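Me: I have a model open and want to go through a few spots in it. Can we start with how the helices pack?

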Amino acid sequence: MNLAIDIGNTLAKLTLIDRGQVIDFVKIEREAFDTACLEELLAANPTIDAAIAVSSSGPYEPIEKLLAERMRRFIRFDRTVPVPIVNRYATPETLGPDRLAAAVGAAALYPSCHVLIIDFGTAITFDFVSAGGEFLGGNISPGAATRFRALHRFTSSLPLCSLDEKIPVGRLGDSSRSAVVNGVVNGIVYEVEGYIRDLERKYDGLRIIFTGGESNFFAERLKNTIFATYDLVAYGLNRILEYNAK
């Protein structure tokens, strides 16, 4: 059994994968994720014998050291690790490895298709993989929580809101809170719709994948045919792990 670990800005996501299928998925607050958490997971799943880990902010040494000692095979995924797609990013040294892993996962899910990946997290990333298996790059935009915090911090009177507000999202807000929630949510929806519309005009048969913690929230608010999955990065990491076993 394989273990894929994605350590993000706020969460560590641990995915158990057996024969290409997700068996279990665990989310832990990044600050709480340590070797004790990992030891507990390994003890409960003794058949795990290979692992791959990626951290959006660089090496996570205690975790990596433990995996290197305990696993039959361990990969710390970074730009030096071979991947089964072509990376056309002009500055590969600046590309977040989690974005590249998601691109690998998208290419594996939809081989020979053009794919737009939209990852809803602290930042919203828009990434594109061609039908020829080439990662052509993408864009980065502030995520919902980042937008809410910025509006609250950089203005003198706007409240700190969130996607959990018990406020129906409509066209126009009738209070400061509803105006902020509507502005952030609709702003993201219109932004996403614009990317999808423009790329669909250029690429026939475009596939769209939503991933990240807020993917289902926004998938419900868009009319396009969208595949939403929480484990796209994990799926890509597993594909990379198997690719490098050859």
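Me: Are H1 and H2 roughly parallel or roughly antiparallel to each other?

Reply: This is a predicted model. In it, H1 and H2 are roughly parallel to each other. The angle between helix H1 (residues 35-44) and helix H2 (residues 61-70) is about 30 degrees, and angles under 35 degrees count as roughly parallel.

Me: How far apart are the axes of H1 and H2?

Reply: Their axes are 9 Å apart.

Me: And is the crossing of H1 and H2 left-handed or right-handed?

Reply: H1 passes H2 in a right-handed crossing.

Me: Which residues of H1 and H2 meet?

Reply: From H1 they are Thr-35, Leu-38, Glu-39 and Leu-42. On the H2 side, they meet Pro-62, Ile-63, Leu-66, Leu-67 and Arg-70. Sorted by class, that contact of H1 with H2 has six nonpolar residues, one polar and two charged.

Me: Next pair. At what angle do H4 and H5 pack?

Reply: About 140 degrees, with the axes of H4 and H5 10 Å apart. That makes H4 oblique to H5, because only angles over 145 count as roughly antiparallel.

Me: What is the handedness of the crossing of H4 and H5?

Reply: The crossing of H4 and H5 is right-handed. H4 contributes Ala-144, Arg-147, Phe-148 and Leu-151 to the contact. H5 contributes Val-180, Val-181, Val-184, Gly-187, Ile-188 and Glu-191. By class, the contact of H4 with H5 has seven nonpolar, one polar and two charged residues.

Me: Staying with H5, is Ser-178 buried or exposed?

Reply: Ser-178, which is in helix H5 (residues 176-202), is buried. Its relative accessible area is 5%, and buried means under 20%.

Me: What does the side chain of Ser-178 have a polar atom 2.9 Å from?

Reply: The backbone nitrogen of Asp-174.

Me: Which residues does Ser-178 touch, not counting those up to four places away in sequence?

Reply: Ile-167 and Gly-173.

Me: Where is Asp-164 found?

Reply: Asp-164 is in the loop between helix H4 (144-153) and H5. Asp-164 counts as exposed, at 63% relative accessibility.

Me: How many residues apart in sequence are Asp-164 and Val-181?

Reply: Asp-164 and Val-181 are 17 residues apart in sequence, and 9.6 Å apart in space from C-alpha to C-alpha. Val-181 is also one of the H5 residues in the contact with H4.

Me: Switching to the loops between strands. Is Ser-130 buried or exposed?

Reply: Ser-130 is buried, with a relative accessible area of 10%. Ser-130 lies in the loop between strand E8 (123-129) and strand E9 (134-142). Setting aside its neighbours within four places in sequence, Ser-130 is in contact with Cys-113, His-114 and Leu-136.

Me: What is the phi of Arg-19?

Reply: Arg-19 has a positive phi of about 55 degrees, although it is not a glycine. Arg-19 is in the loop between strand E2 (11-18) and strand E3 (21-29). With 75% relative accessibility, Arg-19 counts as exposed.

Me: And what about the phi of Ser-112?

Reply: Ser-112 has a positive phi of about 65 degrees, and Ser-112 is not a glycine. Ser-112 sits in the loop between helix H3 (97-109) and strand E7 (115-120).

Me: Is Ser-112 exposed or buried?

Reply: Ser-112 is exposed, with a relative accessible area of 64%.

Key: Residues numbered from 1 in each chain as written. Predicted model: local features only at pLDDT ≥ 70, side-chain atom pairs only at ≥ 80, totals over all residues. Heavy atoms only, no water. Helix = DSSP H or I, 4+ residues; strand = E, 2+ residues; numbered from the N terminus. Buried < 20%, exposed > 50% of the residue type's maximum accessible area, 1.4 Å probe, protein only. Polar contact = N/O pair within 3.5 Å; in protein donor to acceptor, adjacent residues only side chain to side chain. Contact = heavy atoms within 4.5 Å. Axes fitted to C-alpha atoms, helices over the stretch in contact; angles between N-to-C directions. Parallel < 35°, antiparallel > 145°, perpendicular 65-115°, else oblique. Left-handed = near helix turned anticlockwise from the far one by under 90°. Nonpolar A, V, L, I, M, F, W, Y, C, P; charged D, E, K, R; others polar.
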